[in-house]
Amino acid sequence: MPKTTIIFADFEYDSVTKAKARGVTINKNNCTSMVKAFCEEIKAKGYKPGVYYNTDYRNNMLNMDQVGSYVQWYANPGSNSPAYPCTFFQYSWKGQISGISGDVDLNYYYETQTAQSTTVQSNISKAEIAAQLMEHLVTHDWHGYSQSARWGDGEGYCNVTIGGKTYSIAQGDRDCSSAIIDCYQTAGVPVKTQGATYTGNMKTAFLATGQFKWHPMSNGKCTDGYVLNRGDVLLNITHHTAMMKNKTQLMQFSISETGGVTGKTGDQTGVESNTKNYYNYPWDGVLQYTGGGQLNSTSTYQPVSTSNLGAPHIEYAVKTLNHGILPFVKDRTDFAGIANDAITGIAMRVSSGTITYRVHANGKWFGKVTGCNWSDFNNGYAGDGVHSIDAIQIYYTTDISKTGGKYYSARYQVKPCNRTTYLSNVIDTKWSNTDGNDTAGTFETPFTQILIDLV
């Protein structure tokens with residue numbers, strides 16, 4: 001067997017089940033240790049080690065900071081693109097291959113860049129990159145229309161490979177403006193950095209990059225004679241925006257499955273995001289990208305420097321029945337809370353990425369929260385500030401552009417009022433409605449202290 005062969009560690013559910021039948025419970029740390037030991041032995045023998053996993057194992061059975069350096073093989077059958085960076089992506093268990101009877105697994109292979117500089121033969125305009133990203137958004141059913149969750153759902157990333165380079169764009173919903181802003185920002189044009197957030201400031205922000213030209217329009221045509229092209233941004237400054245797919249079609253996010261501006265995550269109707277023949281909204285004008293390519297035939301692609309990147313941090317604070325709002329604490333430098341005083345509200349914020357959290361109180365789960373503002377009763381903190389919280393669930397989504405490609409998870413534990421020690425740690429959550437393994441806390445027993453960090 002050649003030394004270039006990749007040998008994968010594939011830890012499956014059967015191993016956990018059979019171990020449990022013999023009285024052994026395999027947790028995340030156990031699984032990670034065994035996988036890492038296997039990979040290190042393979043490496044010691046001169047071969048290339050890899051790790052195979054699905055979404056459940058990645059989130060709940062593997063510490064990616066310990067196994068993320070090996071070759072990644074990610075399985076998510078039924079999806080068109082991986083939610084996480086990987087070299088191999090298993091997208092089907094039911095493929096058909098001539099000469100083989102029955103179903104077979106099907107995989108994509110993404111060629112990876114080495115740590116050294118690699119010459120890339122490409123001349124792709126950032127407008128073309130943005131257009132391909134937009135094509136992904138309007139055709140993939142993970143991306144529906146929503147104004148309340150317009151920058152994605154915080155559950156992970158879609159990886160779109162264009163010209164030999166992979167671009168990560170958040171899963172989840174968009175509205176008309178956030179989709180286009182996100183596509184150009186991801187393509188490398190700093191439109192969001194310049195302040196683009198909605199149709200009303202897109203023109204100013206896009207032009208501020210120095211990479212766009214504005215063409216006024218009347219009756220659906222440019223008054224200066226410019227002919228619409230792929231990647232152009234059509235703009236009605238007050239109401240709507242869309243991107244040209246080609247000279248005769250446009251791509252857009254238009255309306256949710258409810259007929260309004262909010263709905264369930266994803267495209268339930270197939271037309272929340274869509275491609276249509278060109279029409280006059282009417283448009284005030286079009287933003288034409290005039291900058292250069294992401295890479296050219298003589299350029300060299302350099303891997304992202306991690307010198308200024310690092311681990312994210314979390315800050316969190318609580319509101320209690322008798323002492324009100326307490327100061328924020330950072331990571332596990334201290335706990336949030338006070339002995340013998342039930343917590344009624346929790347707020348948290350992260351240095352990068354997105355934190356999503358919810359609490360259980362008064363016999364019910366409250367809605368998920370992503371903000372951090374004690375004055376925002378809808379999305380600023382979890383809880384109602386009145387009823388004692390007895391359980392909490394937290395999920396952290398990494399912004400890998402800020403961490404050098406390394407993924408992190410939220411680790412948290414609580415101390416109920418009737419205990420002198422903390423309950424076991426929980427690593428992220430799958431949003432179960434029980435108070436079991438996915439939840440820190442026990443229903444009907446308020447907790448008074450909480451510890452959180454990102455690992």
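**Briefing: rings, a helix face and backbone angles**

Tyr53, Tyr74, Phe89, Tyr91 and Tyr108 are linked into a cluster by ring pairs, where rings of Phe, Tyr and Trp (its six-membered ring) pair if their centres lie within 6.5 Å, and planes under 30 degrees apart count as stacked, over 60 as edge-to-face and the rest as tilted. The model is predicted, so local features need pLDDT of at least 70 and side-chain atom pairs count only at pLDDT 80 or more, while totals for chains, interfaces and linings use all residues. Residues are numbered from 1 along each chain as its sequence is written, and side-chain values use heavy atoms, with hydrogens and water left out.

**Aromatic pairs**

- By the ring rule, the count comes to 20 aromatic pairs.
- Trp73 and Phe88 form a tilted pair, because their ring centres are 6.1 Å apart and their planes stand at 55°.
- Since Trp73 lies in strand 3 (residues 71–75) and Phe88 in strand 4 (residues 88–95), this pair ties together parts that are 15 residues apart in sequence; strands (E, at least two residues) and helices (H or I, at least four) are DSSP runs, numbered from the N terminus.
- Trp73 counts as partly exposed, because its relative accessibility is 23%; buried means under 20% relative accessible area, exposed over 50%, and partly exposed in between (1.4 Å probe, protein chains only).
- The rings of Trp365 and Phe443 have centres 6.0 Å apart and planes at 70°, so this pair is edge-to-face.
- That pair links distant parts of the chain, 78 residues apart, with Trp365 in strand 25 (residues 364–365) and Phe443 in the loop between strand 30 (440–441) and strand 31 (447–454).
- Trp365 is buried because its relative accessible area is 17%, whereas Phe443 is partly exposed because its relative accessibility is 25%.

**Charges over rings**

- Arg58 lies over the face of Tyr407, at 4.2 Å from the ring centre; a charge sits over a ring if NZ of Lys or CZ of Arg is within 6 Å of the ring centre and within 35 degrees of the ring normal.
- Lys364 lies over the face of Phe366, at 5.3 Å from the ring centre.

- In helix 7 (residues 199–208), the buried residues include Thr199, Asn201, Met202, Ala205 and Phe206.
- These residues lie on the same side of helix 7, because they cover an arc of only 140° around the axis, the arc being that of the directions from the helix axis to the C-beta atoms.
- Helix 6 (176–187), strand 10 (212–218), strand 12 (233–236), strand 13 and strand 16 (285–289) are among what covers the buried residues of helix 7.
- Thr241 lies in strand 13 (residues 240–244) and counts as buried because its relative accessibility is 0%.
- Not counting residues up to four places away in sequence, Thr241 touches residues including Thr199, Met202 and Trp283, contact meaning heavy atoms within 4.5 Å.

**Positive phi angles**

- Most residues other than glycine have a negative phi.
- Trp431, a residue other than glycine, has a positive phi near 65°; Trp431 is placed in the loop between strand 29 (426–427) and strand 30, and is buried because its relative accessibility is 15%.
- Glu444 is not a glycine either, yet has a positive phi of about 75°; Glu444 is placed in the loop between strand 30 and strand 31, and is exposed because its relative accessible area is 75%.
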